[in-house]
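Hello,

Here is the structure I promised to pass on to you. Have a look at it first, and then read on for what turned up in it.

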Amino acid sequence: MKKIIGLIIVCTIIISGMFLYKKSDEKTFTNDSGVIIAAIIDGEESTSFPTTSNYAAKVTCTKNGKNVDVGAKITWNGSKWVLSVSDISTSNVRCNAIFSPPSLANMILTNNSVTDPISSPGNEISSDSEALLASTEDDYGTSYYFRGNVQNNYVQFANMCWRIVRILGDGSVKLVLYNYNGLTSANNALSTSTPCEETDSSAAFARFSGTTYKTTFSDRSAVNNALLGFMYGTIQGSSYHTTHMNNNKSVILNNLESWYTNVLSKQSGFDESKLADAIWCNDKSTYSGTGVATVETEYSGSHRNTYGSANPSLICPNDNDGGKLSKFTVNDTKNGNGDLTYKIGLLTLDEVVFAGIVLNSSTSNNTVYLHQNATEYWWLLTPGKLSSGLLGSARVNSSSIAETSGTSYVYVSESAIRPAIAIDSSVSATGTGTSTDPYVIN
């Protein structure tokens with residue numbers, strides 16, 4: 001029990017300037033029925049309630065050292081915090097009003113109105129004036145995604161700057177790298193203390209080996225469906241399962257893990273427990289073709305985002321056998337496959353389409369927030385197609401147009417690695433999300 005601050009509210013007294021007590025309609029206090037109120041803000045005792053609404057608040061009450069339910073509530077009435085108690089029939093009830101920083105997801109929702117997109121995701125690029133938070137369903141529930149020329153989705157974490165892509169249905173928040181801040185496996189000196197204010201055409205990419213940030217998706221020189229996997233099975237496998245089972249790590253996964261262990265995890269403020277075990281969707285389900293070995297195949301993620309008839313989705317489909325080969329997680333085997341080692345991944349084609357980019361169009365988008373600091377080709381996690389002897393995986397080009405074919409060959413083309421992580425739903429933050437006042441992970 002925290003030390004109780006010496007304020008005792010008896011009968012229907014209002015303590016002006018300190019604690020505001022609201023009279024209950026159900027009980028009238030007498031001199032022998034008092035409530036001792038303690039305020040605890042960010043773990044510290046206080047003689048008053050906070051003066052702003054930027055907190056998550058709860059009340060816990062005890063009598064003689066045991067928890068009791070006295071109908072205590074703490075609410076923000078628009079100008080101050082109000083504590084109300086509706087059921088106290090005996091004395092010696094003590095209530096702690098506990099104020100904690102809100103979760104990152106709660107702060108985002110507080111600072112943004114949820115609205116419908118102005119342009120059609122996948123069928124139109126986001127407009128210059130479109131900067132909003134919209135919603136759609138994902139694997140966990142309702143997801144809230146940023147779209148367009150957004151300027152209040154900056155996050156500072158582990159000495160780097162990130163951009164918020166979306167709130168997942170479980171309250172975790174997916175981020176994508178915006179500024180690596182000069183950090184490499186050989187250099188742990190920060191370029192700046194304000195990484196969200198800096199701009200550079202390639203700052204959004206991870207230096208996974210010295211200053212190298214470009215890689216092929218696969219290091220195997222074969223036109224084979226297996227090599228579209230974040231992890232893959234047997235080259236020349238005889239079935240869908242043997243082709244796509246997660247036995248081997250792709251070269252892009254190996255390079256991403258190298259950056260995680262040698263750069264990200266070594267930063268001050270980094271704590272693996274702050275990361276959510278989110279699904280990283282490497283959608284191996286097929287729209288046409290069997291997906292076996294060298295059979296010509298178009299994958300579902302590529303087809304559903306076809307420009308002009310796009311129907312993007314943040315729900316990761318089961319694989320062709322009804323399993324979870326596409327749903328990469330670390331420990332969560334209820335929602336995912338548990339095949340990853342670290343909580344890190346790449347964005348999907350669906351996610352960048354919802355953000356404002358379109359697939360295989362001639363229309364560039366240099367105002368969408370994902371374009372900033374990323375004006376080179378960078379890989380996505382979505383398989384594209386095997387067609388005419390060419391094996392293509394999804395990526396974003398230097399004009400912020402997505403592509404799944406053409407020159408995006410998984411073992412020939414080198415593109416940048418742009419890491420993504422998910423912040424756990426329990427993690428709190430401060431700030432407003434602008435480049436000069438980014439959300440800072442506590």
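The charged side chains come to 30 positive and 38 negative ones in the protein, and the centres of these two sets lie 7 Å apart. Please keep in mind that this is a predicted model.

As for the overall build, the secondary structure consists of five helices and 28 strands. The C-alpha trace spans about 85 × 45 × 45 Å along its principal axes. Of the 442 residues in the protein, 55% are buried. The protein exposes about 17300 Å², and 45% of that area is supplied by carbon and sulfur atoms. Looking at contacts with a separation of 6 or more, 65% of them are between residues 24 or more positions apart.

I also looked at one residue in detail, Ala-189. Where does Ala-189 sit? Its place is in the loop between strand S14 (173-179) and strand S15 (214-215). Ala-189 has a relative accessible area of 43%, so it counts as partly exposed, a class that runs between the 20% and 50% cut-offs.

Which residues does Ala-189 touch, once its neighbours within four places in sequence are left aside? Ala-189 is in contact with Asn-181, Gly-182 and Leu-183. Asn-159 is 30 residues away from Ala-189 in sequence, and the C-alpha atoms of these two residues are 9.9 Å apart in space.

Happy browsing, and do write back with any questions.

Best wishes

How values were computed
Residues are numbered from 1 along each chain as its sequence is written. This is a predicted model: local features need pLDDT of at least 70, side-chain atom pairs count only at pLDDT 80 or more; totals for chains, interfaces and linings use all residues. Side-chain values use heavy atoms; hydrogens and water are left out. Helices (H or I, at least four residues) and strands (E, at least two) are DSSP runs, numbered from the N terminus. Buried means under 20% relative accessible area, exposed over 50%, partly exposed in between (1.4 Å probe, protein chains only). Contact means heavy atoms within 4.5 Å. Accessible areas come from the Shrake-Rupley method with a 1.4 Å probe; for residues, only the protein chains shown count as cover. Lys and Arg count as positive and Asp and Glu as negative; His and the chain ends are not counted. The place of a charge is taken as NZ of Lys, CZ of Arg, CG of Asp or CD of Glu.
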